[in-house]
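Biologist: I have a model open and want to learn how to read it. Can we go through how helices pack, and then what lies inside?

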Amino acid sequence: MEGPPDRSNSSAHLYTQLVLQHPPAACQHVCDRRYTDIRSPEATLPRLESVSVAPVPVPEPTTRAARKERTRRALLDAALELSADRTFSAVSLREVAREAGIVPTAFYRHFASMDELGVTLAADTMGVLRQVLRDARRARSAGDNARASLAVLVEQIRAHKSSFRFLARERYGGLPEVSRAVNDQLRLLTGELAHDLGGMPGLGDWADDDLEMAASLLVVALLEVAVELVTVETPGGPDEAAVITRGEKQMRLIILGMGVWKSAHG
(Lines give C-alpha, C1' and ligand atoms only; values in the text may rest on other atoms or scores of the structure.)
Protein backbone atom coordinates (compact mmCIF):
# COMPACT_ATOMS: atom_id res chain seq x y z
CA MET A 1 0.00 0.00 0.00
CA GLU A 2 1.46 3.32 -1.08
CA GLY A 3 1.79 6.11 1.42
CA PRO A 4 0.96 9.77 0.78
CA PRO A 5 3.12 11.54 -1.81
CA ASP A 6 6.33 13.13 -0.53
CA ARG A 7 5.99 16.92 -0.49
CA SER A 8 9.72 17.58 -0.16
CA ASN A 9 10.99 20.73 -1.89
CA SER A 10 14.38 19.20 -2.65
CA SER A 11 15.26 19.88 -6.28
CA ALA A 12 17.07 16.53 -6.49
CA HIS A 13 13.95 14.73 -5.31
CA LEU A 14 11.73 16.60 -7.79
CA TYR A 15 14.08 15.79 -10.64
CA THR A 16 14.06 12.10 -9.71
CA GLN A 17 10.26 12.03 -9.69
CA LEU A 18 10.14 13.65 -13.12
CA VAL A 19 12.53 11.09 -14.57
CA LEU A 20 10.37 8.30 -13.24
CA GLN A 21 7.08 9.80 -14.46
CA HIS A 22 8.10 11.12 -17.93
CA PRO A 23 10.15 9.71 -20.79
CA PRO A 24 13.59 11.33 -21.29
CA ALA A 25 12.43 13.28 -24.36
CA ALA A 26 9.64 14.98 -22.46
CA CYS A 27 11.54 15.41 -19.20
CA GLN A 28 13.47 18.50 -20.25
CA HIS A 29 10.30 20.15 -21.51
CA VAL A 30 8.47 19.48 -18.29
CA CYS A 31 11.43 20.67 -16.23
CA ASP A 32 11.62 23.89 -18.29
CA ARG A 33 7.87 24.45 -18.00
CA ARG A 34 7.34 23.69 -14.33
CA TYR A 35 10.65 24.13 -12.51
CA THR A 36 12.74 26.78 -14.25
CA ASP A 37 12.06 29.24 -11.46
CA ILE A 38 13.27 26.99 -8.60
CA ARG A 39 16.64 28.74 -8.51
CA SER A 40 15.20 32.16 -9.20
CA PRO A 41 15.31 34.68 -6.37
CA GLU A 42 11.73 35.59 -7.18
CA ALA A 43 10.52 32.00 -6.77
CA THR A 44 7.77 31.63 -4.23
CA LEU A 45 8.13 28.54 -2.09
CA PRO A 46 5.18 27.01 -0.29
CA ARG A 47 4.65 28.44 3.14
CA LEU A 48 5.28 25.90 5.86
CA GLU A 49 2.56 25.77 8.45
CA SER A 50 3.75 25.69 12.03
CA VAL A 51 2.85 22.57 13.90
CA SER A 52 2.54 22.58 17.66
CA VAL A 53 3.63 19.38 19.35
CA ALA A 54 2.20 18.63 22.74
CA PRO A 55 4.79 17.61 25.37
CA VAL A 56 4.98 13.93 26.06
CA PRO A 57 3.70 13.35 29.60
CA VAL A 58 5.99 11.50 32.00
CA PRO A 59 4.20 8.33 33.07
CA GLU A 60 3.29 8.17 36.72
CA PRO A 61 4.63 5.23 38.75
CA THR A 62 2.06 2.46 38.59
CA THR A 63 2.96 0.54 41.74
CA ARG A 64 3.11 1.53 45.37
CA ALA A 65 6.77 0.51 45.55
CA ALA A 66 7.62 2.69 42.54
CA ARG A 67 5.83 5.69 44.03
CA LYS A 68 7.61 5.18 47.34
CA GLU A 69 10.99 4.98 45.63
CA ARG A 70 10.26 8.16 43.67
CA THR A 71 9.45 10.05 46.87
CA ARG A 72 12.50 8.62 48.61
CA ARG A 73 14.69 9.80 45.72
CA ALA A 74 13.04 13.22 45.85
CA LEU A 75 13.93 13.53 49.54
CA LEU A 76 17.56 12.63 48.87
CA ASP A 77 17.79 15.11 46.00
CA ALA A 78 16.14 17.82 48.10
CA ALA A 79 18.63 17.30 50.92
CA LEU A 80 21.54 17.57 48.50
CA GLU A 81 20.12 20.73 46.96
CA LEU A 82 19.53 22.39 50.32
CA SER A 83 22.99 21.48 51.63
CA ALA A 84 24.78 22.87 48.58
CA ASP A 85 25.82 26.05 50.41
CA ARG A 86 25.68 24.96 54.06
CA THR A 87 26.38 21.95 56.23
CA PHE A 88 23.91 19.11 56.31
CA SER A 89 23.32 19.68 60.03
CA ALA A 90 21.89 23.11 59.19
CA VAL A 91 19.16 21.62 56.98
CA SER A 92 15.86 20.88 58.71
CA LEU A 93 13.47 18.01 58.12
CA ARG A 94 10.67 20.45 57.29
CA GLU A 95 12.78 22.11 54.60
CA VAL A 96 13.57 18.78 52.98
CA ALA A 97 9.93 17.68 53.06
CA ARG A 98 8.73 20.97 51.58
CA GLU A 99 11.36 20.82 48.81
CA ALA A 100 10.31 17.25 48.00
CA GLY A 101 6.63 18.19 47.90
CA ILE A 102 5.42 16.14 50.86
CA VAL A 103 4.18 16.90 54.36
CA PRO A 104 6.74 16.53 57.18
CA THR A 105 4.99 13.53 58.72
CA ALA A 106 5.33 11.62 55.43
CA PHE A 107 9.11 11.91 55.73
CA TYR A 108 9.13 9.14 58.34
CA ARG A 109 7.72 6.64 55.87
CA HIS A 110 11.11 6.74 54.15
CA PHE A 111 13.71 7.66 56.79
CA ALA A 112 13.71 7.39 60.56
CA SER A 113 15.58 10.68 60.91
CA MET A 114 17.69 13.24 59.08
CA ASP A 115 20.73 11.33 60.33
CA GLU A 116 19.57 8.23 58.45
CA LEU A 117 18.99 10.29 55.32
CA GLY A 118 22.52 11.69 55.57
CA VAL A 119 24.00 8.21 56.06
CA THR A 120 22.16 7.07 52.92
CA LEU A 121 23.56 9.99 50.93
CA ALA A 122 27.08 9.09 52.07
CA ALA A 123 26.60 5.44 51.06
CA ASP A 124 25.22 6.40 47.65
CA THR A 125 28.16 8.67 46.87
CA MET A 126 30.70 6.11 48.04
CA GLY A 127 29.00 3.66 45.71
CA VAL A 128 29.99 5.94 42.83
CA LEU A 129 33.63 5.90 44.00
CA ARG A 130 33.48 2.12 44.25
CA GLN A 131 32.34 1.90 40.64
CA VAL A 132 35.16 4.23 39.56
CA LEU A 133 37.73 1.85 41.00
CA ARG A 134 36.02 -1.19 39.49
CA ASP A 135 36.07 0.36 36.04
CA ALA A 136 39.70 1.39 36.40
CA ARG A 137 40.84 -2.13 37.33
CA ARG A 138 40.16 -3.20 33.75
CA ALA A 139 43.15 -1.10 32.64
CA ARG A 140 46.23 -2.84 31.26
CA SER A 141 49.05 -0.84 32.89
CA ALA A 142 49.80 1.54 35.73
CA GLY A 143 49.51 4.56 33.46
CA ASP A 144 46.28 3.28 31.93
CA ASN A 145 44.91 2.46 35.39
CA ALA A 146 45.53 5.94 36.77
CA ARG A 147 44.25 7.58 33.61
CA ALA A 148 41.13 5.40 33.52
CA SER A 149 40.39 6.04 37.20
CA LEU A 150 40.54 9.79 36.78
CA ALA A 151 38.62 9.83 33.50
CA VAL A 152 35.72 7.97 35.11
CA LEU A 153 35.97 10.08 38.25
CA VAL A 154 35.79 13.36 36.32
CA GLU A 155 32.75 12.12 34.42
CA GLN A 156 30.99 11.04 37.62
CA ILE A 157 31.78 14.26 39.47
CA ARG A 158 30.35 16.32 36.63
CA ALA A 159 27.19 14.23 36.79
CA HIS A 160 26.95 14.14 40.62
CA LYS A 161 28.74 17.26 41.77
CA SER A 162 26.35 17.96 44.64
CA SER A 163 26.85 14.42 45.98
CA PHE A 164 30.63 14.72 46.02
CA ARG A 165 30.43 18.19 47.55
CA PHE A 166 28.31 16.68 50.32
CA LEU A 167 30.89 13.92 50.83
CA ALA A 168 33.81 16.34 51.00
CA ARG A 169 32.06 18.62 53.48
CA GLU A 170 30.61 15.98 55.77
CA ARG A 171 33.68 13.74 56.05
CA TYR A 172 35.26 15.83 58.79
CA GLY A 173 32.39 18.00 59.97
CA GLY A 174 28.65 18.17 60.38
CA LEU A 175 26.66 15.39 62.02
CA PRO A 176 28.81 12.77 63.78
CA GLU A 177 26.63 9.97 62.41
CA VAL A 178 27.14 11.12 58.82
CA SER A 179 30.88 11.67 59.29
CA ARG A 180 31.16 8.18 60.79
CA ALA A 181 29.22 6.72 57.88
CA VAL A 182 31.55 8.35 55.34
CA ASN A 183 34.63 6.94 57.07
CA ASP A 184 32.98 3.52 57.45
CA GLN A 185 32.28 3.49 53.72
CA LEU A 186 35.89 4.45 53.01
CA ARG A 187 37.10 1.52 55.10
CA LEU A 188 34.77 -0.84 53.26
CA LEU A 189 35.98 0.50 49.93
CA THR A 190 39.60 0.08 51.01
CA GLY A 191 38.94 -3.49 52.12
CA GLU A 192 37.30 -4.38 48.80
CA LEU A 193 40.20 -2.88 46.86
CA ALA A 194 42.76 -4.70 49.04
CA HIS A 195 41.00 -7.99 48.33
CA ASP A 196 41.06 -7.32 44.59
CA LEU A 197 44.71 -6.29 44.69
CA GLY A 198 45.56 -9.61 46.31
CA GLY A 199 44.30 -11.39 43.21
CA MET A 200 46.47 -9.42 40.81
CA PRO A 201 49.67 -10.87 39.31
CA GLY A 202 52.68 -10.22 41.54
CA LEU A 203 50.60 -9.31 44.59
CA GLY A 204 49.24 -12.71 45.55
CA ASP A 205 51.96 -13.29 48.17
CA TRP A 206 51.68 -9.85 49.75
CA ALA A 207 50.85 -9.59 53.45
CA ASP A 208 47.31 -8.46 54.22
CA ASP A 209 48.62 -5.35 55.98
CA ASP A 210 50.58 -4.34 52.89
CA LEU A 211 47.56 -4.84 50.63
CA GLU A 212 45.47 -2.70 52.98
CA MET A 213 48.16 0.00 52.97
CA ALA A 214 48.38 0.09 49.17
CA ALA A 215 44.60 0.14 48.83
CA SER A 216 44.32 2.95 51.36
CA LEU A 217 46.87 5.05 49.47
CA LEU A 218 44.92 4.64 46.24
CA VAL A 219 41.53 5.39 47.80
CA VAL A 220 42.78 8.48 49.66
CA ALA A 221 44.50 9.77 46.51
CA LEU A 222 41.32 9.32 44.51
CA LEU A 223 39.22 11.00 47.19
CA GLU A 224 41.58 13.98 47.40
CA VAL A 225 41.33 14.46 43.64
CA ALA A 226 37.54 14.26 43.91
CA VAL A 227 37.49 16.95 46.61
CA GLU A 228 39.66 19.24 44.47
CA LEU A 229 37.57 18.66 41.35
CA VAL A 230 34.41 19.66 43.23
CA THR A 231 35.86 23.15 43.72
CA VAL A 232 36.65 23.62 40.02
CA GLU A 233 34.26 26.19 38.57
CA THR A 234 34.84 25.61 34.84
CA PRO A 235 34.67 21.97 33.66
CA GLY A 236 37.30 21.29 31.02
CA GLY A 237 39.28 24.40 31.94
CA PRO A 238 42.95 24.76 32.95
CA ASP A 239 42.22 24.36 36.68
CA GLU A 240 40.53 21.02 36.11
CA ALA A 241 43.35 19.88 33.82
CA ALA A 242 45.93 20.75 36.50
CA VAL A 243 44.07 18.72 39.13
CA ILE A 244 43.79 15.73 36.80
CA THR A 245 47.47 15.87 35.81
CA ARG A 246 48.63 16.04 39.42
CA GLY A 247 46.26 13.26 40.46
CA GLU A 248 47.39 11.00 37.63
CA LYS A 249 51.05 11.45 38.58
CA GLN A 250 50.27 10.70 42.21
CA MET A 251 48.35 7.53 41.41
CA ARG A 252 50.96 6.32 38.93
CA LEU A 253 53.66 6.84 41.55
CA ILE A 254 51.69 4.68 44.02
CA ILE A 255 51.07 1.94 41.47
CA LEU A 256 54.64 1.89 40.20
CA GLY A 257 55.94 1.85 43.77
CA MET A 258 53.84 -1.22 44.45
CA GLY A 259 55.74 -2.98 41.67
CA VAL A 260 59.04 -2.77 43.55
CA TRP A 261 57.74 -3.08 47.10
CA LYS A 262 59.03 -6.10 49.02
CA SER A 263 56.18 -7.32 51.17
CA ALA A 264 56.79 -9.19 54.43
CA HIS A 265 55.53 -12.33 52.69
CA GLY A 266 57.52 -11.64 49.50
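Biologist: At roughly what angle do the axes of H8 and H9 cross?

Modeller: Start with the terms. Helices (H or I, at least four residues) and strands (E, at least two) are DSSP runs, numbered from the N terminus. Axes are lines fitted to C-alpha atoms, for helices over the stretch in contact, and angles run from 0 to 180 degrees between N-to-C directions. Here the H8 and H9 axes cross at roughly 125 degrees and come within 8 Å. H8 is therefore oblique to H9. The cut-offs are these: under 35 degrees is roughly parallel, over 145 roughly antiparallel, 65 to 115 roughly perpendicular, and the rest oblique.

Biologist: Before we go on, what kind of model is this, and how is it numbered?

Modeller: This is a predicted model, in which local features need pLDDT of at least 70 and side-chain atom pairs count only at pLDDT 80 or more, while totals for chains, interfaces and linings use all residues. Residues are numbered from 1 along each chain as its sequence is written, and side-chain values use heavy atoms, with hydrogens and water left out.

Biologist: Which residues of H8 and H9 meet?

Modeller: Contact means heavy atoms within 4.5 Å. From H8, the residues include Leu-186, Leu-189, Leu-193 and Leu-197. From H9, they include Leu-211, Ala-214, Leu-218 and Leu-223. By class, this contact has 11 nonpolar, 4 polar and 1 charged residues. Ala, Val, Leu, Ile, Met, Phe, Trp, Tyr, Cys and Pro count as nonpolar, Asp, Glu, Lys and Arg as charged, and the others, Gly among them, as polar.

Biologist: How do H7 and H9 cross?

Modeller: Their axes come within 9 Å, at roughly 115 degrees. The crossing of H7 and H9 is left-handed. H7 brings Lys-161, Phe-164, Arg-165, Leu-167 and Ala-168. H9 answers with Leu-223, Ala-226, Val-227, Leu-229 and Val-230. The H7 and H9 contact counts 8 nonpolar, no polar and 2 charged residues.

Biologist: At what angle do H9 and H10 pack?

Modeller: About 180 degrees, with the axes 10 Å apart. H9 is therefore roughly antiparallel to H10. Among the residues that meet are Ala-214, Leu-218 and Val-225 in H9, and Val-243, Met-251 and Ile-255 in H10. The contact of H9 with H10 holds 13 nonpolar, 2 polar and 4 charged residues.

Biologist: Is Ala-214 buried or exposed?

Modeller: Buried means under 20% relative accessible area, exposed over 50%, partly exposed in between (1.4 Å probe, protein chains only). Ala-214 sits in helix H9. Ala-214 counts as buried because its relative accessibility is 5%. Beyond residues up to four places away in sequence, Ala-214 touches Leu-197, Trp-206 and Met-258. Ala-214 and Ile-255 are 41 residues apart in sequence, yet their C-alpha atoms lie 8.4 Å apart.

Biologist: Which residues touch the most other members of the largest nonpolar core?

Modeller: Nonpolar side chains tend to be buried together in soluble globular proteins. A nonpolar core is a set of buried Ala, Val, Leu, Ile, Met, Phe, Trp, Tyr and Cys residues joined through side-chain atoms within 4.5 Å. The largest one here has 63 residues, and Phe-88, Val-96, Leu-117, Leu-129, Leu-153 and Leu-197 touch the most other members. H9 gives the most to this core, with 12 residues. Phe-88 contacts, among others beyond four places in sequence, Leu-117, Leu-121, Phe-166 and Val-178.

Biologist: Where does His-110 lie?

Modeller: In the loop between H4 and H5. His-110 is buried because its relative accessible area is 16%. Past its neighbours within four places in sequence, its contacts are Lys-68, Thr-71, Arg-72, Leu-75 and Glu-116. Lys-68 belongs to helix H3. Lys-68 counts as partly exposed, at 41% relative accessibility.

Biologist: How many helices and strands are there in the protein?

Modeller: There are 10 helices and 0 strands. Of the 266 residues, 35% are buried.

Methods. A crossing is left-handed if the near helix is turned anticlockwise from the far one by less than a right angle, and right-handed if clockwise.
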